[in-house]
Amino acid sequence: MTAKTAARYRARAAVTAERDRHGRTRLTRLRSDGPLAVREAEGAVYLVGAAAGPLGGDDLGLDLEVGPGARLAVRSAATTLTLPGDGESRFTVRARVGAGGHLDFAPEPVVAVAGCHHRAVTEITLAEGATLRWRDELILGRYRERPGRHTSRIDVTLAGLPLLRHELRLDDPGVYGGVAVLGTARAAGTLLLVGTGLVGEPVTGEGLAVMPLAGPGVLISATAGDSAALRRRLCQGESAATPAGDLPSALQDARAATPHH
Amino acid sequence: MGGMHDHDPHPAAPPVSRALRLGIGGPVGSGKTALTAALCRSLRDELALAVVTNDIYTTEDADFLRRNGVLSDDRITAVRTGCCPHTAIRDDIAANLDAVESLEELHRPLDLVIVESGGDNLTATFSRGLVDRQIFVLDVSGGDKVPRKGGPGVTASDLLVVNKTDLAELIGADLAVMARDAGAVRGERPVLFTSLREDPAAAAVAEWVRGVLREHPHPHHAPHPHAAASVNEP
Amino acid sequence: MDTRLLLLADSRLPAGGHAHSGGVEPAATAGAVTDLASLSDFLAARLSTAGLVTAALAAASCSFAHSSRDHAVVRAGLGGQLHDHGGEGGRDGEGLWRVLDAEVDARTPSPAQRTASRAQGRALLRVARTTWPHPALDALAAHSPRDHAVVRGGPREQLHDHGRWGGGPHHPVVLGAAAAAAGGTPRQAAAIAAYGSVTGAASAAVRLLGLDPLAVQQALAVLADDVDAVAARAAAEPDDWAALPAVSAPGLDLLAELHLRSEVRLFES
């Protein structure tokens, strides 16, 4: 599958989690490809960069399949740097979650390095009754560095209806540097929770908005001066979005669940 | 709000009936909110009421109405006017119409919806597309020349209320002059002098409202001119 | 441009727009928009984000309103929109209006902004139906109960909050249909939407900050080419609603939510 031509990668990794007849989740597919390696460890599947990047020109993809009633947590071992190269780099994640299934995707931040030209595309298809925890964190360049061009879009449908279509576009500093978009923040992130039992009223804090969606989900949106502050704000938002400090039962189960191989 | 059941002034109301819409306008501080509160207190036992306010609506204002036991919160809707109180009652009445219709839908059937304008100047009047009748409220502290100056509120409102008569002596305003000047520009249209401090029920104004409801039962039975365009009509 | 469309674009259109600041009031309260320069930056950012999304949705709505006059066309040409949408509401034009409305919801995570969009949609629908009767506007009105009249449908509907479709259709959906009713093209609908995304906010700034209206007018003139470019881009989007632009503005989202909680509000949004 891996094709490396003119220093470009085209790779497609995949993970499938299914619920067995004993009610346990089994990883029935764990496919690494090129620079995109997936490893099972500590109750989660880890994305492990086998090479620097993505670099301009790379086209990486990850397919996540969570069967009905199954649970999958995805993490990453380290921060991802999107680097300049030959043209646009692309990272496409496609995830499908079946009824009663749960996907918890929370990798480490992505750093949009100076000169990068990157597009992240996420398409999530949730069946009725599926639940989701999905975190995206973006750091605008390395220390004191102006970020390159970076666009990330997430599209989530639930039971066939659009739930969230949300794109963060860093191409014109005059636009994204304005108070209407990111202002002077150096880090921006969202945490999307889909399920029942989430907060019904919006909550705000400094650089933080917890926004109940029209459908059964909450988008937590935060901006901050650095990645640590961003993570704190997202955590704060997550607490606010899950009343009384409790995660909805489905999400709680998922946190405790350990995939079995 | 139980009054409407044992005193239904419109026994033959067709299903499309709607409440009488009464505008209360006037300059800042003339006592619009106090008059609105007084009318609600006087009429709430006999009429089903709701209120739309256009003032800068802070918790304080809400507390004022609550403290005065005017109406339950769900019968009071605040409309924000983007710094242009007259626009919201005259040129672009969309938000106010929407608020009135929402209240009517929520509390159907209503007899009376009061739309209280934000404080403005003497030229502000309500659009006929928004209200059926309007009261313009002045107070004597503005000086006894105000009625002579006229302006659409003073000349064309269905009822002119001159409030705070208890202050007239203090500030040297001549009520007789005000009555004469108002009469000169208003012709047959009535003028009432009130002191809400001395008469917190605004008895005379409440009686005028009852008269309007008695004498003009028709307007609040007929579909509003904009009802055909209303979004809730199938 | 036709006079009918000028009427639709006019700020004196009685559709409640004067009471919405497009985020300028909370931005001014926060000290982020204080003068002509900061207003110009704010408007440019608003145009590239919310303006583009609104314009694309309005263009899509206009295009659909023209085609939905003929249900056969709907089935043949646009019925595919529903294949990915679980058949919600059936395959008729009204079901598709709901899908388009849900596309606006999905691009509007801020509850305050959804409420403001629906309030403006309701108000625009009222004036548009009075002015330019059209089956698309009737279809939108027929399925638009108010906020408190929660739409009760199947199990899926109960999962969704009161905001979905309840409270009237979203503003860009109504704007596109109104433009179609007034004889406009999707490109013209996009232009009116993009134009409105900056003029309403500019007018609010004049009122709130006491800026020189002549200077603000000049700032809008400087933006004119960008407004046209956004409209052209919005109208050139493919006829696939799911793929329409979804550029977010986290700052606007946060400001909109903060606005609802502020003690004194002169504008609805």
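Me: How many residue pairs are in polar contact across the interface of chain A and chain C?
Reply: Eleven residue pairs, both partners at pLDDT 80 or more, are in polar contact across the chain A and chain C interface. Keep in mind that this is a predicted model.

Me: OK. Which strands of chain A each supply at least two residues to the side that touches chain C?
Reply: β14 (149-158), β15 (161-170), β17 (203-205), β18 (208-212) and β19 (217-224) of chain A each do that. β15(A) gives the most to that side of chain A, with nine residues.

Me: And how do the residues on that side of chain A divide into nonpolar, polar and charged?
Reply: The side of chain A that touches chain C has 20 nonpolar, eight polar and six charged residues.

Me: How many residues does each chain bring to the contact?
Reply: Chain A puts in 34 residues and chain C puts in 41 residues.

Me: What area do chain A and chain C bury between them?
Reply: About 3,200 Å², with 62% of it on carbon and sulfur atoms. On the chain A side, A:Leu161, A:Arg165 and A:Ala214 lose the most area to chain C, and together they make up 20% of what that side buries.

Me: What about salt bridges, how many are there between chain A and chain C?
Reply: The count between those two chains is one salt bridge. Its side chains belong to A:Arg165 and C:Glu103, at 2.6 Å from N to O. A:Arg165 is also among the residues of chain A that lose the most area to chain C.

Me: And over all chains? What does the salt bridge count come to?
Reply: It comes to 38 salt bridges over all chains. One within chain A joins the side chains of A:Glu206 and A:Arg233, at 3.8 Å from N to O. A:Glu206 sits in the loop between β17 and β18 of chain A and A:Arg233 in helix α2 (residues 227-241) of chain A, so this pair ties together parts 27 residues apart in sequence.

Me: Switching to helices in chain C. How do α3(C) and α5(C) pack?
Reply: Helix α3 (residues 36-67) of chain C packs against α5(C) at an angle of about 175°, and their axes are 11 Å apart. Because of that angle, α3(C) is roughly antiparallel to α5(C).

Me: Which residues meet there?
Reply: From α3(C) you have C:Leu57, C:Ala60, C:Ser61, C:Phe64 and C:Ala65. They meet C:Gly93, C:Leu96, C:Trp97, C:Leu100, C:Glu103 and C:Val104 of α5(C). That contact divides into eight nonpolar, two polar and one charged residues.

Me: At what angle do α5(C) and α9(C) cross?
Reply: The axes of α5 (residues 93-106) and α9 (residues 171-181) of chain C cross at roughly 130° and come within 8 Å. Those two helices are therefore oblique to each other. Here C:Trp97, C:Leu100, C:Asp101 and C:Val104 of α5(C) meet C:Pro172, C:Val173 and C:Ala177 of α9(C). By class, that contact has six nonpolar, no polar and one charged residues.

Me: And where do the axes of α7(C) and α9(C) stand, what angle do they cross at?
Reply: Helix α7 (residues 135-142) of chain C crosses α9(C) at roughly 150°, with the axes coming within 8 Å. The angle is over 145 degrees, which means α7(C) is roughly antiparallel to α9(C). The residues are C:Ala136, C:Leu137 and C:Leu140 of α7(C) and C:Val173, C:Val174, C:Ala177, C:Ala178 and C:Ala181 of α9(C). That makes eight nonpolar, no polar and no charged residues.

Me: What's the phi of A:Ala159?
Reply: A:Ala159 has a positive phi of about 50°, although it is not a glycine. You'll find A:Ala159 in the loop between β14 and β15 of chain A.

Methods:
Residues are numbered from 1 along each chain as its sequence is written. Chains are lettered from A and ligands numbered from 1 in the order in which they are written. This is a predicted model: local features need pLDDT of at least 70, side-chain atom pairs count only at pLDDT 80 or more; totals for chains, interfaces and linings use all residues. Side-chain values use heavy atoms; hydrogens and water are left out. Axes are lines fitted to C-alpha atoms, for helices over the stretch in contact, and angles run from 0 to 180 degrees between N-to-C directions. Helices (H or I, at least four residues) and strands (E, at least two) are DSSP runs, numbered from the N terminus. Angles under 35 degrees count as roughly parallel, over 145 as roughly antiparallel, 65 to 115 as roughly perpendicular and the rest as oblique. Contact means heavy atoms within 4.5 Å. Ala, Val, Leu, Ile, Met, Phe, Trp, Tyr, Cys and Pro count as nonpolar, Asp, Glu, Lys and Arg as charged, and the others, Gly among them, as polar. Buried area is the accessible area (1.4 Å probe) that two parts lose on being put together, summed over both. A salt bridge is a side-chain nitrogen of Lys or Arg within 4 Å of a carboxyl oxygen of Asp or Glu. A polar contact is a pair of N or O atoms within 3.5 Å; within protein, one must be able to donate a hydrogen and the other to accept it, and residues adjacent in sequence count only if both atoms are side-chain atoms.
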